[in-house]
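Subject: Structure handover

Hello,

Here is the structure for your set. My notes follow below it.

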Amino acid sequence: MADRKDILVISDYEKSSSIMKKLLSAKGYKAEVLKSTSAPIERINDTEKKPDLIIIDKSVEGFNEILKETKKANIPVIALMAKDETKNVAATIGVIVIRKPITNNDEFLSFIKKEINKQEFASSRGGRGSV
């Protein structure tokens with residue numbers, strides 16, 4: 001990876017957040033974990049520290065508000081959702097959905113790589129990628 005891509009993980013689940021951060025860091029990404037407070041929205045809107053990708057657990061407080069801000073900022077999003085939530089949700093909210101719990105780390109990381117590559121391609125064409 002030419003330069004470290006910045007991935008923001010937004011989750012209230014400390015154990016799963018920690019595991020995701022370790023997985024992402026091991027693959028050369030710069031990963032930061034924030035809980036569901038105003039901090040994620042401030043980070044999304046900070047042009048100096050805008051993340052390249054956001055992974056958000058649908059159960060966090062303010063999920064919809066955070067999604068609106070990511071769309072305004074044109075940041076790709078991967079949403080983590082419980083198995084009982086429908087696949088139609090992905091089309092409704094316009095993001096990639098990964099069902100939790102994450103049981104296949106390689107598959108999870110391939111989703112991340114795919115979104116980062118899509119964004120890099122779009123950036124090389126003159127704009128930030130979107131989901």
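Strand 1, helix 1 (residues 14-26) and strand 2 form a right-handed β-α-β unit. Right-handed means that, with the strands pointing away from the viewer, the path from the first strand over the helix to the second runs clockwise. Helices (H or I, at least four residues) and strands (E, at least two) are DSSP runs, numbered from the N terminus.

The model is predicted: local features need pLDDT of at least 70, side-chain atom pairs count only at pLDDT 80 or more, and totals for chains, interfaces and linings use all residues. Residues are numbered from 1 along each chain as its sequence is written, and side-chain values use heavy atoms, with hydrogens and water left out.

Strand 1
Strand 1 (residues 6-10) is largely enclosed by the rest of the structure, because 5 of its 5 residues are buried. Buried means under 20% relative accessible area, exposed over 50%, partly exposed in between (1.4 Å probe, protein chains only). Asp6, Leu8 and Ile10 cover one side, Ile7 and Val9 the other. Strand 1 runs parallel to strand 2 (residues 30-34), with 5 bridges between them. It also runs parallel to strand 3 (residues 53-57), with 4 bridges. Two strands pair if DSSP finds at least two bridges between them. Aspartate 6 has lysine 30 as its bridge partner in strand 2. Valine 9 has isoleucine 55 in strand 3.

Helix 3
Phe63, Ile66, Leu67, Glu69, Thr70 and Ala73 are the buried residues of helix 3 (residues 63-73). They span an arc of only 165° around the axis, so they sit on the same side of helix 3. The arc is that of the directions from the helix axis to the C-beta atoms. Asn64, Lys68, Lys71 and Lys72 are exposed on the other side.

Salt bridges
There are 5 salt bridges in the structure. The criterion is a side-chain nitrogen of Lys or Arg within 4 Å of a carboxyl oxygen of Asp or Glu. Glutamate 32 pairs with arginine 43, closest N and O atoms 2.8 Å apart. This pair links distant parts of the chain: glutamate 32 is in strand 2, arginine 43 in helix 2 (residues 39-45), 11 residues apart. Glutamate 32 is partly exposed at 27% relative accessible area. Arginine 43 counts as buried at 9%.

Glutamate 115 and lysine 118 meet at 3.1 Å, N to O. Both lie in helix 5 (residues 105-124), 3 residues apart, about one turn of the helix. Separately, salt bridges that share partners join Asp6, Glu32 and Arg43 into one network.

Best regards
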